[in-house]
Amino acid sequence: MTDSPAFESSAGRVCLWRQAECRALSIWPAAFHGLAKDHRYYEIVADTLGGDFDCRGLVLHDHAGDPVAVQPCFFVEQDLTATAPVFVRALVARVRRVWPRLLRLRMLMIGCAAGEGHPVAPQHLRALMETLPEIARSHGASLVVWKDIPSSHRADLTPLAKRFPRIASMPATRLALDFSSFDDYLARKLSHAMRKNLRRKFRDLAGRPPLEMTVTSCVAEAVDEVHALYLQVFARSSLRFEKLTKETLLELGSRMPDRVRFFQWRQQGRLIACSVCLVHDGVLYDEYLGLDYGMALDAHLYFVTFRDVMSWAIAQGLREYQSTPLSYDPKLHLGFRLAPLDLYVAPTAAWARPLMRLVLPWIQPTRAEPLLRKFPNADEL
């Protein structure tokens, strides 16, 4: 299958394969059982974002040599200070005049390049813990990062945290959909001031040409328009990682029509907003937003899209609305709770680990977002 060297552990051997090779394994789909982002999603990311990420798979074999688990991973070069506070970035910028690559490293990231990640089953964890530093070093990576792991895995990953210190990543958000309608949500969930504010925003639309929303599982006919609006939002983001391509959008509709939903809002035939969502197991995952910023602020398009997507989800009988990191100010006032995501980080060189433990608290992404402390469950970070 592959000439990748084997890295031995007390629990079996681990091989780093290219993702294309992993797909031939019968255990490949099972590695994503129960997840909204199943094996098809990981394949789409590798096939359409491959220029930014080198997507691989860590294949774990038992002592008999049989593959028993696959852990998705990828290589990327990343600036560790990208989400650090301004004063930290300024300090590092000065040092980089002498040491240009300070805290700018090639990393082996465990998880998904476009979204949260999930670890292998606990019984397979030891093999990765013992071999990851060596695997990373053999491929020129200076740092191993378990990327955006939902906090629900913390208990299972307690052994991992002893070798890979845990810090908070920028959290996702969630909102239980225990409402009969959007108006019921307004009445029961929001403060009087926020209800009044939203109703005023929606009344402002009354004097404009009406909006028409459509929901599809394919975006082929409008992919140029949708991608252009997505890029407008991407360009304004303070935190960037993956950048979707037109091919990503097309392949989501082609390979995952049962889960992907493209929401589109048109005004007099022109696309002015869009949202790319996944639906799985009673949960709507609001993944990517696109807005026409020529009118988005005046027309309150962010709140219009939220209202309409939420109303659709309630009508479908879904139980929860999940949204990706960032845009915390409106989400705080809209009644969302945080859905914590964790990073487990360790350098591959033993001498650097004590230094990294000192640096990590200062480059922890959440330090740059004081609004997070105002959420009712901020202590869960």
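User: Hello! Where in the structure is D281 placed?
Analyst: Welcome! This is a predicted model, where local features need pLDDT of at least 70, side-chain atom pairs count only at pLDDT 80 or more, and totals for chains, interfaces and linings use all residues. Residues are numbered from 1 along each chain as its sequence is written, and side-chain values use heavy atoms, with hydrogens and water left out. Helices (H or I, at least four residues) and strands (E, at least two) are DSSP runs, numbered from the N terminus. D281 sits in the loop between strand 11 and strand 12 (283–291).

User: Is D281 buried or exposed?
Analyst: Buried means under 20% relative accessible area, exposed over 50%, and partly exposed in between (1.4 Å probe, protein chains only). D281 has 55% relative accessibility, so D281 counts as exposed.

User: What is the phi of Q268?
Analyst: Q268 lies in the loop between strand 10 (260–267) and strand 11 (270–280). Q268 is not a glycine, yet its phi is positive, at about 55 degrees.

User: How are helix 7 and helix 10 oriented to each other?
Analyst: Axes are lines fitted to C-alpha atoms, for helices over the stretch in contact (heavy atoms within 4.5 Å), and angles run from 0 to 180 degrees between N-to-C directions. The axes of helix 7 (residues 192–204) and helix 10 (residues 301–315) come within 10 Å and cross at roughly 100 degrees. Angles under 35 degrees count as roughly parallel, over 145 as roughly antiparallel, 65 to 115 as roughly perpendicular and the rest as oblique. Therefore helix 7 and helix 10 are roughly perpendicular.
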